[in-house]
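Please open the structure in your viewer and keep the selection panel at hand.

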Amino acid sequence: MDGTLMPQADIAPLVEIEDLTVRFTSREATVSAVNGVSFSVKPGEVLCILGESGSGKSVTLRAMMRLLPEKRTTITGRITIAGQDVLGLNARDLRALRGGLVSMIFQEPMTALDPVYTVGEQIIETLRKHRNMSREGARARALDLFELVKIPSPERRLDSYPHELSGGLRQRAMIAMALSCGPRLLLADEPTTALDATVQIQVLILLRRLQRELGMGTIFVTHDLGVASEIADRIAVMYAGRIVEEGPVADILANPRHPYTQGLMASTVHGQHRDADIQAIPGSPPDLRRMPAGCSFGPRCPTSQPRCREAFPPISHPSADRMVRCFREGEEAKASF
Amino acid sequence: MRAGFARFARNRLALFGAVVLLLVLVLVVSAPLAYPNNPFQLVGKPLQPPGGAFLLGTDTLGRDVAAGIAYGSRTSMLIGLSATLAAIGIGILVGGIAGYYRGRVELVLMRVTEFFQTIPAFVLAILIVAVLSPSVPSEIIAIAAVSWPGIARLVRGEFVALGGREFVLACAGLGASDLRIIFRHLLPNCLPPIIAVGSLLIGTAILIEAGLAFLGLGDPNVMSWGLIISAGRAVLRQAWWIATFPGIAILLTVLGVNLVGDGLGEVLNPRLRNR
């Protein structure tokens, strides 16, 4: 993958997000969950959004399908998926987009499946709605999907209720449901977090294989650097509602530029010496109800300077396909050349 | 399902209630077979005590009390069941819309619901029947109108609780419309408590119907337990049987309904399951 941020990319992007902001308003406070996020995903590309809880990664994903409660949420910016302006769609076109063009996999497969229907019925319902299929045709397709996601004895599992399946099988059923109408974009919201470590790897491998076979653009949200390195083509690191660093996965892992990414790497176990202490990033993320004026990572940053408190750092491109938002970036580059 | 039946059957009281209800149903079905004549027809001398030619005696006009009770069971069941179904329908609609859409819609609908709850049910039912003129349909309307608020509040609460679950979001994410989510996904998930509370509502509806008929607000051309009691009230000291037997019929039926309702609630409510 030659992921690039430059506008002269040769393939038209599948997803283009420009300056997305999401605010939740309640009587008590306004929470700025996403503060000006821009990125694009090409067909067949996997973008991993990496960040800790509350960094706005799931909110970004849900905003892309307009799944956030409409009354309390203000979304600004532009979301374009396959040429459609998502924020401008009417209710009918939005329903066609959801599940048809774009599908989502959720974190907890137990609560994301309706407990009163068999998993087969739920897939058949979606197929009949989007594809106007007959009951028999939809069932045959559901069976194919179950075989595709490698569910053992699929015929029997179609008639199982969610509580009768194990966590891994449930997540596979959820994936089959998401894939049922052949989406061009798959949004995965921490789909492996709730699973056992061994099952996690199986599901990741399955997702990677399906994504390649079906050529789906995928946005994968996770807080797990290991998972991200396993599945991503590119990584976008999110902090306090902003993308602070973005680039190809190998580059970012080998050479993180932003102090937050560096901190994340240092606080993850990946073959350090067994006696070496694991460094945690000191402090905690900013209060999203009262965002600091300058760099949101400033208060926790080991290299913070006075100007970091004045404005959010501008975008800089250390190389053609990388993006970092840190004041130090340009200077360090100058200093090292 | 089978486990549910077994659990229900273990509850002796619920089983007793079910047997009583079954007997009432037999009465409902067999009334025209056992008493082919109109229950309003005069069949013998007035004020005959029970145990003679007529099993439960005759009333002040010489009508068969047993025939009256048999036909009255039809009225009670017809009005009790239809009024409850109507109340559940209204309750699901109001509570469902309030619980799903929340916000201002919820505020308005729930205030209306509370408004209905603050008015004493029986007084409101009397008022509605008086305005609509006494007949079976107006009794059903009146009883439904005073019975739906409880269901509406229950459904709203369940919908609010379920609304936060991920599968609702997942359904929306797969392109399901609001109506589809409400009726195909949320409603089946809160059916058990609705069934349990609804079955208890039948008992209340039967009581209100008997009360209305007793006050002369029932359909004058339809035999009803309340009507017989009201006719026997004046002669309670000379002819105790006229008011007593329909009274026992009401007591047993409502008791049966409540016991079955409690039993169902226990089976369907997972929190009470392991008692």
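**The interface between the chains**

Display chain A and chain B together: about 1,900 Å² is buried between them, and carbon and sulfur atoms give 55% of that area. Buried area here is the accessible area (1.4 Å probe) that two parts lose on being put together, summed over both. In terms of contact (heavy atoms within 4.5 Å), 18 residues of chain B meet 26 residues of chain A.

This is a predicted model, in which local features need pLDDT of at least 70 and side-chain atom pairs count only at pLDDT 80 or more, while totals for chains, interfaces and linings use all residues. Residues are numbered from 1 along each chain as its sequence is written, chains are lettered from A and ligands numbered from 1 in the order in which they are written, and side-chain values use heavy atoms, with hydrogens and water left out.

**A helix pair in chain B**

Select residues 166–173 and 178–189 of chain B, which form helices α7 and α8. Helices (H or I, at least four residues) and strands (E, at least two) are DSSP runs, numbered from the N terminus. The axes of α7(B) and α8(B) come within 11 Å and cross at roughly 160 degrees; the two helices are therefore roughly antiparallel, a term for angles over 145 degrees. Axes are lines fitted to C-alpha atoms, for helices over the stretch in contact, with angles from 0 to 180 degrees between N-to-C directions.

Now show the side chains: Phe167(B), Val168(B), Cys171(B) and Ala172(B) of α7(B) meet Ile181(B), His185(B), Leu186(B) and Asn189(B) of α8(B). These residues divide into 6 nonpolar, 2 polar and no charged, where Ala, Val, Leu, Ile, Met, Phe, Trp, Tyr, Cys and Pro count as nonpolar, Asp, Glu, Lys and Arg as charged, and the others, Gly among them, as polar.

**A buried isoleucine**

Proceed to Ile69(B) in helix α3 (residues 65–101) of chain B. Its relative accessibility is 8%, so Ile69(B) counts as buried, that is, under 20% relative accessible area, with exposed over 50% and partly exposed in between (1.4 Å probe, protein chains only). Beyond its neighbours within four places in sequence, Ile69(B) contacts residues including Leu27(B), Trp225(B) and Phe245(B).

**A loop residue in chain A**

Finally, select Ala82(A), in the loop between β4 (73–81) and β5 (84–85) of chain A. Ala82(A) has a phi near 50 degrees, a positive value in a residue other than glycine.

How values were computed
Parallel < 35°, antiparallel > 145°, perpendicular 65-115°, else oblique.
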